[in-house]
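Please look over the sequence and the model before reading on.

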Amino acid sequence: MIKMNRIDKKMNKIDLHLHTDCSDGRLSPLQLLDLCYQRGYRTISITDHDTIDGFLTVKEKAKEYGIDIIPGLEISSYHKGAEIHILAYHYDYENSELLGLLEYINESRIDRARKIIDKLQSIGFSIDFDEIFESVGSSGIIGRTHIAREIMKTETNLTVNEIFDRYLNENSNLYVPKITVSVKDTIPIIKDSGGISVLAHPHRLRRNGILDDIIAYGIDGIEVYCPKTPNYLQNMYLHKANENKLLVTGGSDFHCEPHEEADFGSFSVPESCLKYLNSFNQKTSDQEGDEYGQSNRFNRYQP
Ligand code: AMP
Ligand code: MN
Ligand code: MN
Ligand code: MN
């Protein structure tokens, strides 16, 4: 169990981007919930990669902790050959199209992990798909992080970041892309599930113009407040969001990696983000069940 490092004075913190071991985080959903409680978070969203299992596991338990848990998800997608992560909030977690998309992505993750492991074996690593697959959470979501952790067992002098750079990143010749759905097609799937789409960690976009393309595809918001986003970029994204009437969110992208744990709790998303996110959701549900039995969704947050 997690040790409590300190008692936090501020007890109403918000974090809208968190991972559990249902994807590539290190904590089970319950351990994460417990840690969030200890570190003073009272509104959270579990945004695992391509699975909602972590959220479903603790959505009832969160009530006992007095934590408001917003349905969340981080969908792997692509645009112009680059991997793009789209967050989804407040979706209907029984929506078959959305669940179908997640199943599709995760089947391709297994195939891709096998290919990456084959390539690593061909350059001398004695790692094994079945062994790594046994280490993944109950959702069976396998990703590069699980492979990186296995490599670390032998390459003990390298950091995870160095392992990614050397073997797993897009610029490594061992890189294998995931088969995912384009951003253009992902955004409508989120919208059709009643959800809100948000571009995750925009500072990771490699090329100019991609942000404008994604806005043109109808993204609802931008994740502006990330601890890793430099201030000047946060200001730029805020400006972009205001200009395009997009909502603004934020989160730590916490995976409970060893270097992250002590600091977890030092970050909180401004409360205004939550107000906008929830009012957007309110507008969406207010409009449900019109004469066509369809929800009439907003493309943009209108302040
Ligand atoms: P995947 O979903 O399998 O493509 O893996 C992507 C995940 O790998 C990201 O969500 C991060 O958690 C992790 N990741 C990507 N790049 C790095 C890096 N340079 N160092 C550590 N973790 C990384
Ligand atoms: Mn991750
Ligand atoms: Mn991401
Ligand atoms: Mn993330």
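**Metal sites**

Four residues, His17 (NE2), His19 (NE2), Glu74 (OE) and Asp253 (OD), coordinate the manganese ion (ligand 4) at 2.1 to 2.2 Å. The model is predicted. Along the sequence, the donor residues of the manganese ion (ligand 4) follow the spacing H-x1-H-x54-E-x178-D. Histidine 17 belongs to strand 1 (residues 13-18) and glutamate 74 to strand 4 (residues 72-79), so this pair ties together parts that are 57 residues apart in sequence. The distance between the manganese ion (ligand 4) and the manganese ion (ligand 2) is 4.9 Å.

The manganese ion (ligand 3) is coordinated at 2.1 to 2.2 Å by Glu74 (OE), His85 (ND1) and His201 (NE2). Glutamate 74 in strand 4 and histidine 201, in the loop between strand 7 (196-199) and helix 9 (210-216), form a pair that links distant parts of the chain, 127 residues apart. A separation of 5.7 Å lies between the manganese ion (ligand 3) and the manganese ion (ligand 2).

**The site of ligand 1**

Ligand 1 takes up the space of the largest pocket. There are 13 residues around ligand 1, and those that come nearest are His49, Arg112, Arg144, Asn161 and Lys178. Sorted by class, the shell around ligand 1 holds 2 nonpolar, 5 polar and 6 charged residues.

Which helices each supply at least two residues of the shell around ligand 1? They are helix 4 (96-122), helix 6 (144-154) and helix 7 (160-168). Helix 7 gives the most to this shell, with 3 residues.

| Residue | Distance to an oxygen atom of ligand 1 |
|---|---|
| Aspartate 24 | 3.1 Å |
| Threonine 145 | 3.2 Å |
| Lysine 178 | 2.7 Å |

Lysine 178, whose polar side-chain atom lies 2.7 Å from an oxygen atom of ligand 1, is also one of the residues that come nearest to this ligand. Taken alone, ligand 1 exposes 500 Å², and the protein buries 83% of that area.

How values were computed. Residues numbered from 1 in each chain as written. Chains lettered and ligands numbered in written order. Predicted model: local features only at pLDDT ≥ 70, side-chain atom pairs only at ≥ 80, totals over all residues. Heavy atoms only, no water. Near = heavy atom within 4 Å. Polar contact = N/O pair within 3.5 Å; in protein donor to acceptor, adjacent residues only side chain to side chain. Areas by Shrake-Rupley, 256 points an atom, 1.4 Å probe, with all protein chains shown as cover. 1 Å grid on protein atoms, 1.4 Å probe; cavity = no way out; pocket = protein on both sides within 12 Å on 5 of 7 lines; lining within 4 Å. Sits in = over half its atoms within 2 Å of the grid points. Helix = DSSP H or I, 4+ residues; strand = E, 2+ residues; numbered from the N terminus. Nonpolar A, V, L, I, M, F, W, Y, C, P; charged D, E, K, R; others polar. Donors = N, O, S within 2.8 Å, 3.2 Å for Na, K, Ca; no water.
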